[in-house]
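Let's take a walk through this structure together, one stop at a time. Have the sequence and the 3D view open as you read.

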Amino acid sequence: MPLSFRMIMDFKETLRDEKSQDFKDLSDKVSRDLYKVYIGLYPVDFVRVLVRRFRPGSVIPEVDLEFKANSTTASNPDIVRALYTAVNGSGNVGDLVLDKTSIKSDTASVNTLPPLRIVTEFLLTDGFTPGLSSSISAESIQLNDKINNWLKPILETYYGQTMVNSAFANFSNSDDWIQTKVEYQFSTPIIVNSTKIIDGILASTSPVRYVRGTLKVNENQAQFQMFPFSLRILNKDFSDGLSNRGSTEFKELSTQVTTSIKKLFGNEKGFSEVYVMKLTKGSVIASTEVTFSPGSTSPSRVSQILLNGIPSLETEGLKIDPTSINPPVPSTPRPFPGFAVAIIVLCGLAILIIPILIIVALKTGLRLGQ
């Protein structure tokens, strides 16, 4: 990907010669400082910076940014925005002093950038209804307003009040839950790492209940560890309504399950949320997901907390079959008895000594026989 910009410094004729020490020194500095900018935004796909030449006026480097083959390469506007964001405020990138308005990548420049698209997606646990299929229905408009009143102020903390047009959410049916997608456009040369926006959304108070692990911003997904468990509820009878995630029966029982389980994990470091993904027969089997921040716990730890919490769940009206907790809690190994160790040692010594005694006895017998 091509990139050029103007650095505020005097041009030397030696910079025209790529074999000169001045060219090598400035090329190394430009490569090093630009690498820090782009590797931060594209840690998987970005490879290196190649300085092709320097032009006068003051000094204009012409650079190629190399990305991995077959990767989702950043667009030219993204390249411009990334460097503009890095120099915004101080005007510096490392030791380089830049004119941020001069940044170009192919035909994309700071003054010709298209609106920045921020696409957010997530799954709402409210039941999907036919009215949400129409963008002009009262139900759809009401939910859209609720989501925009939540997300728009968060995005404006990063991009200011530069939103272009009104954003409207698209709702679709995802196994009776609501798949939500909403696109915002901002007239700004600044770009913010999607992970930072995701963190901002996750830290906010949401007016809707969504599956946090399904949150995406521009195809970058929130990172959580998901621990699936199947819990058999013995004191509940299955009904057809429980198979529909949008039904009142499903909502009531799933709320009871999630509220009760959340109490067990409330003090656990990294705990995020509990979801009931489906309810099936037998008496009622709740397929749940307990979510944690990455690396904060283990399946065995989560299993143990659920097993230890069975009495507490029963006080909440949920009698759980301990054997249904899947994956099972690993058994704790018993300490090896001390007397067993002594027996093993004695047996080992016997195995070693007996052949020696036999050999001695045979030799002694032979001598006596002589």
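What percentage of the 370 residues in the chain is buried? The answer is 38%. Keep in mind that you're looking at a predicted model. As for its secondary structure, the chain has eight helices and 14 strands. If you take the contacts between residues at least 6 apart in sequence, 69% of them join residues at least 24 apart.

Here's one to find for yourself. Glu-156 belongs to helix H3, and its C-alpha atom is 9.1 Å from that of Phe-186, a residue 30 places away along the chain. Leaving out residues up to four places away in sequence, Glu-156 touches Gln-161 and Phe-186.

Now for the aromatic rings. A pair of them is described by how far apart the centres are and by the angle of the planes. The count here comes to 13 aromatic pairs. Take Phe-122 and Trp-150: their ring centres are 5.7 Å apart and their planes meet at 65°, so this pair is edge-to-face, the cut-off being over 60 degrees. Phe-122 sits in strand S7 and Trp-150 in helix H3, so to speak two distant parts of the chain, 28 residues apart, that the pair links. Phe-122 has 0% relative accessibility and counts as buried, and Trp-150 is buried as well, because its 6% falls under the 20% limit.

Another edge-to-face pair is made by Phe-271 and Phe-292, with 5.6 Å from centre to centre and 65° between the planes. Apart from residues up to four places away in sequence, Ser-287 touches Phe-229, Ser-230, Tyr-275, Val-276, Met-277 and Lys-278.

Rings can also join up in a cluster: ring pairs link Tyr-35, Tyr-38, Tyr-42, Phe-46 and Phe-67. Tyr-42 turns up again at the largest pocket, where Tyr-42, Ser-194, Asn-218, Glu-219 and Asn-220 are the lining residues nearest the centre. That pocket holds about 930 Å³ of space and is lined by 35 residues. Of these, 17 are nonpolar, ten polar and eight charged. Helix H2, strand S7, helix H4 and strand S11 each supply at least two residues of the lining.

Let's finish with the backbone. Most residues other than glycine have a negative phi, and most peptide bonds are trans. You'll find Glu-219 in the loop between strands S10 and S11, and at 58% relative accessibility it counts as exposed. Asp-176 has a positive phi too, near 75°. Asp-176 lies in the loop between strands S8 and S9 and is partly exposed, with a relative accessible area of 24%.

Which two residues does a cis peptide bond join? They are Gly-57 and Ser-58, with omega at about -25°. Ser-58 is in the loop between strands S2 and S3. One last thing to look for is the ring of Trp-177: the charged end of Arg-245 sits over that ring, 3.7 Å from its centre.

How values were computed:
Residues numbered from 1 in each chain as written. Predicted model: local features only at pLDDT ≥ 70, side-chain atom pairs only at ≥ 80, totals over all residues. Heavy atoms only, no water. 1 Å grid on protein atoms, 1.4 Å probe; cavity = no way out; pocket = protein on both sides within 12 Å on 5 of 7 lines; lining within 4 Å. Points joined across faces, edges and corners; volume = space filled by probe spheres on them. Helix = DSSP H or I, 4+ residues; strand = E, 2+ residues; numbered from the N terminus. Nonpolar A, V, L, I, M, F, W, Y, C, P; charged D, E, K, R; others polar. Phe/Tyr/Trp six-rings, centres within 6.5 Å; stacked < 30°, edge-to-face > 60°. Buried < 20%, exposed > 50% of the residue type's maximum accessible area, 1.4 Å probe, protein only. Lys NZ or Arg CZ within 6 Å of the ring centre and 35° of its normal. Contact = heavy atoms within 4.5 Å.
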